[in-house]
Amino acid sequence: MRKHKFLLLLLPACIFLTSGRQANAQTPSRWKAHDMNRPRPPVVKPAAQALPVPPPADAIILFDGKDLSQWRRQDGGPAKWAVVNGYTESTKGSGYIYTRRTFGDMQLHVEWAAPLPAEGKGQGRGNSGVYLMGLYEIQVLDSYDNDTYPDGQAAAVYGQYPPLVNVCRPPGEWQSYDIFFRRPRFNPDGLLLEPGRVTVLHNGVLVQDNVKFWGFTNWLQHIPYEAHPDRLPISLQDHGNPVRYRNIWLRELPEQSEPGPANLKEEPMIVLQPQELDRYVGKYRAAPNGDIFAIYREGQKLLANFSNSAKIELVPHSTRRFSLRWTAATVTFDLGANDIPKSFTLDIGGDQRVATKVE
Ligand code: MG
């Protein structure tokens, strides 16, 4: 049932993307996975980078070159990859390694180097991978002068999205991935609310631009989303090639893109009739530099123009106090005889400006 609901969500995209050819309800891609006819991303030579990139103060260090204490085998035992000279190396037959801790949304920094001398070709040369939540692979491959299917080259979302460009460094040289990941969201029934998304910089260059995973990444097989926990381990792939990793750290990201709770409490409004609003209309000279603030009425609305600002609606909360419709600012009038304003104070961003009526 879950899968059917998800497919229904995808259906309009599928119809759009597959019009004119046989509908393929399995994938929203413009290409079948691993198609060698897919255009190759342009090759871009990366600039020199200062590596390793030191972690910021709030980073969780997953590998600092000393030991794999933060990692384990799939069965929970100690990770068996070699650790030498400040890096760890995928050791053939020792299996994928998994972080002991689990993570959801993150900014992940990884440095890696493909084996030198380069051996093998295509997917057999310097193959490994960074698996976000153990399910979504950002491909690691020696893609320096090594052709393969574009959705399987370095920095591809494996089997889904080729990188925008190929910025691979030669084998043996350290290169960086900076991965910005938002996990998929599921509702309590397991229905997909939002797909996972990823942005990737390879050697400082944008290669994945907020693309949406359409399911788990996999070789050959299309695997639609299945609900999974909000936090899962990161894993690194043992694909039988001695790929090296160092300086792995991440920053956990908050659920929403700004800190703290939302604050859109609506202050009670009052209604002022047009003839009441007209009392505020006029020009006001603002201290300290003499800017002219104009207040005028359009229909039922009182509007302001602060110097050269656009029209800004003033929402009445009392006969003295107004707020700006979209901005955290207030206008408080100093009322004289017959409730005619003499001046007002604009409170904005911690500053106060007093404007005195001139006409
Ligand atoms: Mg791989």
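Predicted model: local features only at pLDDT ≥ 70, side-chain atom pairs only at ≥ 80, totals over all residues.
**Exercise 1.** Describe the second largest pocket: its volume, its central residues and the classes in its lining.

*Solution.* Start with the space: the volume is about 370 Å³. Next, look at who's around it: 20 residues line this pocket, and Arg 30, Arg 38, Gln 160, Tyr 161 and Pro 162 sit closest to its centre. Finally, sort the lining by class, and you get 13 nonpolar, three polar and four charged residues.

**Exercise 2.** Now do the largest pocket, and find which strand gives the largest share of its lining.

*Solution.* The space here comes to about 460 Å³. Its lining has 17 residues, with Lys 265, Glu 266, Ser 323, Leu 324 and Arg 325 nearest the centre. Two elements give two or more residues each: strands S20 (321-324) and S21 (329-335). S20 takes the largest share, with three residues. By class, there are seven nonpolar, five polar and five charged residues.

**Exercise 3.** Which residues coordinate the magnesium ion, and is Glu 137 buried or exposed?

*Solution.* First, list the donors: Asn 127 (OD1), Ser 128 (O), Glu 137 (OE), Gln 139 (OE1) and Gln 237 (OE1), at 2.1 to 2.4 Å. Along the sequence, their spacing reads N-S-x8-E-x1-Q-x97-Q. Then check accessibility: buried means under 20%. Glu 137 has 2%, so it counts as buried. Gln 139, at 1%, is buried too.

**Exercise 4.** How far apart are the C-alpha centres of domain 1 and domain 2?

*Solution.* Find the domains first: domain 1 covers 7-252 and domain 2 covers 274-357. Their C-alpha centres are 55 Å apart.

Note on methods:
Residues numbered from 1 in each chain as written. Heavy atoms only, no water. Donors = N, O, S within 2.8 Å, 3.2 Å for Na, K, Ca; no water. Buried < 20%, exposed > 50% of the residue type's maximum accessible area, 1.4 Å probe, protein only. Domains from an automatic or database assignment. 1 Å grid on protein atoms, 1.4 Å probe; cavity = no way out; pocket = protein on both sides within 12 Å on 5 of 7 lines; lining within 4 Å. Points joined across faces, edges and corners; volume = space filled by probe spheres on them. Helix = DSSP H or I, 4+ residues; strand = E, 2+ residues; numbered from the N terminus. Nonpolar A, V, L, I, M, F, W, Y, C, P; charged D, E, K, R; others polar.
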